[in-house]
Amino acid sequence: AMGLMVFAALMAIGRLLTPRIVRRIGLRKFFVLTGLACLVSSPMTAWHDHPFFVVMWLCMLGFAVSGIFPSANAHAGDRFPKASSTMFAMLNGTSLVGALAGPVVFGLPADFAGLRWAMALMAIAPILWMSGLAQAVRDQPSEGQ
């Protein structure tokens, strides 16, 4: 329970600090740093046996991931100002599908192979995030957009 409380507190702090961090280092660096934090913390959570270290790495994951979605929404709004509410409906709909499918995608491997393997499989999402980052986020909008 204490671990979940710290996890939730760090996610809230991360969400509140995101605008300040993005202003200071820029959106691209923010995505790179949060993606790297997710990429490192996911497998480390699966690797450790001691509950303290598992909670510590999960807290790092929660802090890092807390600002990604609102920053992606803000970036999309800046890059495509004429897309209007349709774009945000699609982005939010996609995130809701992920929120609904996530527990199933995580829970089934945990039931069949154990929690450690399920945590290791969670590292796939940050790896995909980091591989697509260079193509998806640019510092300056290109002409015509």
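Mentor: Start with a term: contact means heavy atoms within 4.5 Å. This is a predicted model, in which local features need pLDDT of at least 70 and side-chain atom pairs count only at pLDDT 80 or more, while totals for chains, interfaces and linings use all residues. Residues are numbered from 1 along each chain as its sequence is written, and side-chain values use heavy atoms, with hydrogens and water left out.

Trainee: OK, contacts. What does Asn 73 touch?
Mentor: Not counting residues up to four places away in sequence, Asn 73 touches Phe 88, Leu 91 and Asn 92. Asn 73 belongs to helix α4, residues 68-79. Helices (H or I, at least four residues) and strands (E, at least two) are DSSP runs, numbered from the N terminus.

Trainee: Is Asn 73 buried or exposed?
Mentor: Buried, because its relative accessible area is 14%. The cut-offs are under 20% relative accessible area for buried, over 50% for exposed, and partly exposed in between, with a 1.4 Å probe and protein chains only.

Trainee: How many helices and strands are there?
Mentor: The protein chain has seven helices and zero strands. Along the sequence the pattern reads α-α-α-α-α-α-α.

Trainee: And how much of the chain is buried?
Mentor: Of its 145 residues, 25% count as buried.

Trainee: How far is Gly 14 from Val 65?
Mentor: They are 51 residues apart in sequence, and 8.1 Å apart in space from C-alpha to C-alpha.

Trainee: New topic. Which residues make up the largest nonpolar core?
Mentor: There are eight: Leu 27, Phe 30, Phe 31, Ala 37, Cys 38, Leu 61, Ala 64 and Ile 68. A nonpolar core is a set of buried Ala, Val, Leu, Ile, Met, Phe, Trp, Tyr and Cys residues joined through side-chain atoms within 4.5 Å.

Trainee: Why would such side chains be buried together?
Mentor: In soluble globular proteins, nonpolar side chains tend to be buried together.

Trainee: What does Ala 37 touch?
Mentor: Met 60 and Ala 64, again not counting residues up to four places away in sequence.

Trainee: How many aromatic pairs does the structure hold?
Mentor: Two. The rings of Phe 30 and Phe 31 have centres 5.9 Å apart and planes at 50 degrees, so that pair is tilted. The rings of Phe 52 and Phe 53 have centres 5.4 Å apart and planes at 80 degrees, so that pair is edge-to-face. Rings of Phe, Tyr and Trp (its six-membered ring) pair if their centres lie within 6.5 Å; planes under 30 degrees apart count as stacked, over 60 as edge-to-face and the rest as tilted.

Trainee: Is Phe 53 buried or partly exposed?
Mentor: Phe 53 counts as partly exposed, because its relative accessibility is 34%. Phe 30 is buried at 4%, and Phe 31 is buried at 1%.
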